[in-house]
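I am opening a notebook page on a structure that I have not looked at before.

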Amino acid sequence: MSPRNRKPSKWQRPVSDRPLLGGSQLREERADGGWIVRRVSGSTSGKSYRCPGCDQQIAPGTPHVVVWPENPSLLAAIGGAQSLDERRHWHTACWQRHR
């Protein structure tokens with residue numbers, strides 16, 4: 001297969017085009033704009049993350065949500081990163097409290 005016919009890496013495709021691995025995705029409207037929220041089951045979570053809501057670690061195997069803005073920030077848009085660099089992993093309860 002020639003390099004031209006290959007599908008781009010998942011890291012080069014928009015987040016919304018990536019397959020869901022053990023989770024579901026929805027759009028939420030908040031006071032600070034529209035957000036895409038992907039629920040991640042514990043079985044697909046293999047590494048730890050830092051929750052921006054409580055600044056505590058989300059341990060591997062813990063169900064949580066991955067959140068990114070529906071519309072990328074100006075800096076992300078200029079850099080061509082779309083919303084990839086703006087994804088954040090939150091504890092589900094922390095995200096629900098975040099307004």
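Predicted model: local features only at pLDDT ≥ 70, side-chain atom pairs only at ≥ 80, totals over all residues.

**Entry 1: one arginine.** I looked up R30 and found it in strand 1, which covers residues 23-30. Is R30 buried or exposed? Its relative accessibility is 10%, so R30 counts as buried, the cut-off being under 20%. I then checked what its side chain meets: the side chain of R30 makes a polar contact with the side chain of E28 at 2.8 Å, and the side chain of R30 also reaches the backbone oxygen of H98 at 2.3 Å.

**Entry 2: the chain as a whole.** I counted 2 helices and 6 strands in the protein chain, and, reading along the sequence, I noted the pattern β-β-β-β-β-α-β-α. Of the 99 residues in the chain, 31% count as buried. The protein chain exposes about 6700 Å², and I noted that carbon and sulfur atoms supply 51% of that area. Among contacts with a separation of 6 or more, residues 24 or more positions apart account for 47%.

**Entry 3: the core.** Which residues make up the largest nonpolar core? I listed 9 residues in all, namely W35, V37, C51, I58, V65, V67, W90, C94 and W95. The elements that give two or more residues to this core are strand 2 (33-40), strand 5 (64-69) and helix 2 (92-97).

Definitions and conventions
Residues numbered from 1 in each chain as written. Heavy atoms only, no water. Core = buried A, V, L, I, M, F, W, Y, C linked by side-chain atoms within 4.5 Å. Buried < 20%, exposed > 50% of the residue type's maximum accessible area, 1.4 Å probe, protein only. Helix = DSSP H or I, 4+ residues; strand = E, 2+ residues; numbered from the N terminus. Contact = heavy atoms within 4.5 Å. Areas by Shrake-Rupley, 256 points an atom, 1.4 Å probe, with all protein chains shown as cover. Polar contact = N/O pair within 3.5 Å; in protein donor to acceptor, adjacent residues only side chain to side chain.
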